[in-house]
Amino acid sequence: MLELNPAQRRFLRAQAHPLNPVVLIGDTGLSEAVLKEISASLKAHELIKIKVAGDDRDERTQMLDTICQTLDAAAVQHIGKTLVIYKPADKPRLKLPKP
């Protein structure tokens, strides 16, 4: 799982603020097809928002952990039903602050 320092996390939160969710996780939860769609979105955008339909906060936290571990991505933010995830591309477009 990719780790971010506080300055990098703050920078990415600011970059994610105007974004709309690109992936919606329904009541059926995190399936293989949803993980594949998240992976494709991360390759295309580097930084994405995901909207989760479920009301259980612990379940959303578990989904965030599973996504980040499976796709080797970093959790940027989890507010309410919105998850923000970052994974640098082969040629990164976002230049993160130095640690």
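The model is predicted, so local features need pLDDT of at least 70 and side-chain atom pairs count only at pLDDT 80 or more, while totals for chains, interfaces and linings use all residues. Residues are numbered from 1 along each chain as its sequence is written, and side-chain values use heavy atoms, with hydrogens and water left out. Helices (H or I, at least four residues) and strands (E, at least two) are DSSP runs, numbered from the N terminus.

- Four strands make up an open sheet with mixed pairing, in the order 1-2-4-3; two strands pair if DSSP finds at least two bridges between them.
- Strand 1 and strand 3 (74–79) are the edge strands, and each has a single partner, so one side of each lacks a neighbour in the sheet.
- On average, neighbouring strands of this sheet are turned by 25 degrees against each other, direction ignored. Axes here are lines fitted to C-alpha atoms, for helices over the stretch in contact, and angles run from 0 to 180 degrees between N-to-C directions.
- Strand 3 runs antiparallel to strand 4 (residues 82–86), and five bridges join them. Within this pairing, H78 faces L83 in strand 4.
- Helix 1 packs on the sheet and touches strand 2 (47–52), strand 3 and strand 4; contact means heavy atoms within 4.5 Å. The direction of helix 1 makes about 60 degrees with that of strand 3.

**The salt bridge**

- The count comes to one salt bridge, defined as a side-chain nitrogen of Lys or Arg within 4 Å of a carboxyl oxygen of Asp or Glu.
- K81 and D55 form a salt bridge through their side chains, at 2.7 Å from N to O.
- K81 sits in the loop between strand 3 and strand 4, and D55 in the loop between strand 2 and helix 3 (57–71), so the pair ties together parts 26 residues apart in sequence.
- K81 is partly exposed at 31% relative accessibility, whereas D55 is exposed at 65%. Buried means under 20% relative accessible area, exposed over 50%, and partly exposed in between (1.4 Å probe, protein chains only).

**Two prolines in a loop**

- P21 belongs to the loop between helix 1 (6–16) and strand 1 (23–25), and P18 is found in the loop between helix 1 and strand 1.
- P18 is exposed, at 61% relative accessibility, while P21 is partly exposed at 37%.
- Leaving aside residues up to four places away in sequence, P21 touches K49 and K51.
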